[in-house]
Amino acid sequence: RNGGFEFMKLIAILISALLALGASAEPALETISGTVTEYVESEYMMLDTAEHGEIQVNLSAETPMEADGAIQTGDYVYVAFDGTMTMSLPAQIGAKNVTMHKLKGDIVEVKDGDALIRTSDGTEVLVHLPDDWANAELDAPQLIAYYNGAITMSLPGQISAGKIVPCYTLNGVVDEIGDGFLTIDSDGQKIQVNADSTPENLKVDDVICVTYDGIMTRSIPAQITAIEITLVSR
């Protein structure tokens, strides 16, 4: 009898310990992802999400940021939060951490909703395309794939992209450098290149290569938005 009593007592202690552990454990975090439409460092970002439309993600100087480069408008990010979302317009959440990873590479092959790309160091990665690109024609020479940082150990490595940006390039001679834009002459066509930043010490008459998403306005001059600007020669 004493043996049975001691066993039941041990079980009760174990159950109590497990209950106490569960009560003190941190609640599981949820993740929401979307495209950044506005970003104010250490304060907030506006996010265009598939599930909830536009939401405000509140940040602080202590919010962990795991990002491949500085976060900018147009980037696709993953935000972990405690599941609490306000009923305001826009809805608001408090970020526990923010993740933004991206890979850029030459497109080797597109097949069955996947794109095989080769990065600048020669590494091949299989990108599982987002649903909105699964049946779309992808004829760009390069793409940028945003993902959550998880990549398989297979050959080739595989990622699941939350967003992709097709990349096209355009070469031209710089005509004018303005505030947030520059104009170039590309084979006799004047084009305005809208850009958040330009290469250091860029000058008129420099030859540049502009990477953009393939969208060009029908305005005069035509306009594109730069993803990247590279100095070719001066």
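Is Asp-185 buried, partly exposed or exposed, and what is its relative accessibility? In this predicted model, Asp-185 counts as partly exposed, at 24% relative accessibility.

**View 1. The salt bridge between Asp-185 and Lys-190.** The closest N and O atoms of Asp-185 and Lys-190 are 3.5 Å apart. Lys-190 has a relative accessible area of 45% and is partly exposed. Asp-185, at 24%, is likewise assigned to the partly exposed class. Through salt bridges that share partners, Asp-175, Asp-185 and Lys-190 are joined into one network.

**View 2. The salt bridge between Asp-75 and Lys-102.** The side chains of these two residues meet with an N to O distance of 3.8 Å. Asp-75 is located in the loop between β4 (65-67) and β5 (76-81), while Lys-102 belongs to strand β7 (residues 97-111), so the contact ties together parts that are 27 residues apart in sequence. Asp-75 counts as buried, its relative accessibility being 5%, because the cut-off for this class is under 20% relative accessible area. Lys-102 is partly exposed, with a relative accessible area of 29%.

**View 3. The salt bridge between Glu-124 and Arg-118.** The side chains of Glu-124 and Arg-118 meet at 2.6 Å, N to O. Glu-124 is partly exposed, its relative accessible area being 30%. Arg-118 is also partly exposed, and its relative accessible area is 35%.

**View 4. Salt bridges in the structure as a whole.** The structure holds five salt bridges. Among them are the pairs Asp-75 with Lys-102, Glu-124 with Arg-118 and Asp-185 with Lys-190.

Key
Residues are numbered from 1 along each chain as its sequence is written. This is a predicted model: local features need pLDDT of at least 70, side-chain atom pairs count only at pLDDT 80 or more; totals for chains, interfaces and linings use all residues. Side-chain values use heavy atoms; hydrogens and water are left out. A salt bridge is a side-chain nitrogen of Lys or Arg within 4 Å of a carboxyl oxygen of Asp or Glu. Helices (H or I, at least four residues) and strands (E, at least two) are DSSP runs, numbered from the N terminus. Buried means under 20% relative accessible area, exposed over 50%, partly exposed in between (1.4 Å probe, protein chains only).
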